[in-house]
Amino acid sequence: MVRFVESDSTGLPLKRKQVAQACARCRRRKKRCFHNHDERSAVGALNPITRVGEAAVRSPTDRPSSPSPPEQPEPLSERPSSQNQEGHASRFIGDLSPEVILMEATSLCSHRDVSVRGGLGIWQPRAPDSTKPTSPFILTSPSRQAVQDMLKAYVWSHCIACCPPPSDYAVLRRIYLEKLDPIFPILGGQLLISLQDEIEGKVLQQIVSLAAAADPEASRHLRLNSEGPLLSRHDFCNSLSNSIQTIIDAGLITSRVFLVRILAALSLYMQPSSPDEADIPALLNSRAVHQMHTLGLQMASEDSHRSSKESRTLFCCVWALDRINSAFYGRACLIHERDIGWNMDECITAQPPPFRLFLMLIGLLDSVIGLYRPGNRKENEYIIELPIFEQMILDAGAARVSSSCLASLEIFYHSVAILSSQSPSENRSTALPAPATNSRRSLAADRITSIVGDEFVGQLSYLPIIPYGVSLSLSVSYRKMRHSNVPMFRNRGKQAFVANTSLLKSLDDTFWTAKAMVAMAEQVLQEMDKAVASITQETGLADTSKKAESTFRGDHEVASSGPGDSITDYTLQGNADASMLEAIPDLDVFGHFDPTFNLGAVDAVLEGNLDFGPSSNWFEWQQLRG
């Protein structure tokens with residue numbers, strides 16, 4: 001029999017210690033207890049001289065541990081019950097690691113995970129070392145440390161000051177709390193408490209301002225200093241995104257939990273400005289998942305009710321964001337149910353009604369994603385049955401949620417509905433879709449266009465799911481316009497295509513996906529007008545063209561997508577309309593496009609929206625076409 005004896009720093013064995021009574025947790029588990037002794041020894045070891053010494057070497061950015069007022073929610077610790085008495089974060093070591101057996105036998109402070117019966121590993125407290133930096137991204141190489149020091153100096157002089165003035169921030173904060181936080185509460189109760197750390201407080205203001213900038217009401221408050229000019233949404237969001245990323249890269253955010261929140265929020269709300277940045281949102285999501293796994297938030301815990309609730313909410317946010325990134329960017333999911341210690345149904349049920357409804361929709365999206373995984377392609381038409389959205393509202397207890405919030409979530413529901421059917425690849429462009437698929441996609445696309453452009457103009461919660469839904473609606477109308485054989489349906493598809501292009505045009509100053517889609521849609525419409533004009537001259541239908549154009553000018557009007565916004569009528573740019581070609585029902589307008597126009601690339605992108613393809617990097621097409 002091998003007995004492990006703990007030793008001190010000189011290598012000599014320590015005396016065996018006993019406790020008079022086991023703690024409640026160890027009595028319940030019928031395990032040998034060392035906790036009461038550890039608590040007394042930890043308190044006794046911290047004499048006043050030691051406390052003074054530790055205070056002297058503490059970083060100026062460390063947050064003092066002052067208690068929060070009882071009426072305010074307390075911030076989530078890096079891992080509830082995973083920190084020792086000196087405040088140093090623990091690390092999780094799984095049973096697959098060879099060192100777990102030795103650590104569990106020799107360490108008095110380690111304790112087993114309790115997410116499942118028998119546990120999956122141990123939580124090992126880290127030894128205090130005040131000489132090492134505490135940032136999750138700190139670099140130990142001397143050369144890299146020098147670069148990081150210079151970066152910190154730049155951050156303090158430029159990035160921390162990049163923040164809206166108090167009067168404008170108050171409006172942006174109200175917009176965020178009213179429209180965005182109920183649906184996706186990634187920041188938790190951080191906005192309801194006063195953060196003692198100056199950097200965390202500034203980053204929190206920046207991320208809130210970045211998220212709220214997409215709302216039409218925020219357009220009059222997009223300033224970065226009180227005396228500065230009013231900025232466009234693109235410039236405002238770009239400045240804030242760059243500042244937040246620089247602060248993160250400089251390693252100034254020392255709390256891993258707060259870092260997970262900021263990485264996830266930045267992944268959802270940032271907007272790339274060039275092809276080189278197109279994959280940054282997905283990269284930020286992977287970093288948030290990495291930090292979440294490092295903290296072990298995916299493992300269930302037996303902590304206090306408040307800490308457990310905060311842990312579950314944060315985990316649900318990261319899980320939902322992982323599925324959204326999979327849909328938006330054609331990425332593989334990074335969080336899998338088999339690795340989750342929580343009961344997902346219980347986690348979803350414990351959330352507030354708006355977020356609970358959003359998570360229920362994410363659950364539907366998760367099942368839809370399974371259709372598009374490699375190896376899951378169906379030989380026949382396949383469709384996933386979806387519950388009625390009204391019933392989902394009642395099941396989530398969200399009947400009293402504001403109509404604008406429900407309308408925003410309804411757009412997401414119809415987006416999932418468009419993706420919930422799959423056709424064999426060889427039939428997607430050469431044959432009519434199945435009746436159920438055609439009716440579901442058509443109805444969902446029309447509802448998205450109606451909600452965004454007519455029913456709730458300027459009232460929605462402008463999350464990235466809004467332009468994503470309109471882009472899917474645009475793809476449905478493009479497929480009708482592209483592959484229908486009946487002139488009436490081609491013309492109807494073009495009218496819907498124009499309407500969705502107009503809606504995306506009103507959002508292109510905020511969302512990069514909308515800007516890229518508009519660039520493609522405009523060029524398609526221009527090429528169609530050129531082709532129609534050429535055909536009318538060759539076939540002698542010029543008089544019909546002029547008559548149809550004048551009729552269209554007098555009778556057709558596209559709904560505005562924003563208050564006071566005038567929508568460009570793209571069909572009038574070419575002085576022709578597709579309805580004039582009803583006299584030639586077998587004519588394919590797309591076959592008369594300019595040979596230099598890359599129609600195949602447009603098909604791959606617009607139809608790739610309906611297939612979770614890797615074509616979501618639309619910047620490449622935009623860069624190719626200029």
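Predicted model: local features only at pLDDT ≥ 70, side-chain atom pairs only at ≥ 80, totals over all residues.
Local features need pLDDT of at least 70 and side-chain atom pairs count only at pLDDT 80 or more, while totals for chains, interfaces and linings use all residues. Side-chain values use heavy atoms, with hydrogens and water left out, and residues are numbered from 1 along each chain as its sequence is written.

Take α7 (residues 198–212) and α8 (residues 233–249) to begin with: their axes come within 10 Å and cross at roughly 150°. Helices here are DSSP runs (H or I, at least four residues) numbered from the N terminus, and axes are lines fitted to C-alpha atoms over the stretch in contact, with angles from 0 to 180 degrees between N-to-C directions. The α7 side of the contact (heavy atoms within 4.5 Å) consists of I199, V203, Q206, I207, S209 and L210, and α8 brings F236, C237, L240, S241, S243, I244 and I247.

Then there is α15 (residues 403–419) against α17 (residues 465–483), at an angle of about 40° with axes 9 Å apart.

As for the largest nonpolar core, it has 155 residues, and Y176, F184, I207, Y269 and F358 have the most contacts inside it. Such a core is a set of buried Ala, Val, Leu, Ile, Met, Phe, Trp, Tyr and Cys residues joined through side-chain atoms within 4.5 Å, buried being under 20% relative accessible area (1.4 Å probe, protein chains only). Helix α11 (residues 305–329) supplies the largest share, 12 residues.

Terms used. Helix = DSSP H or I, 4+ residues; strand = E, 2+ residues; numbered from the N terminus. Buried < 20%, exposed > 50% of the residue type's maximum accessible area, 1.4 Å probe, protein only.
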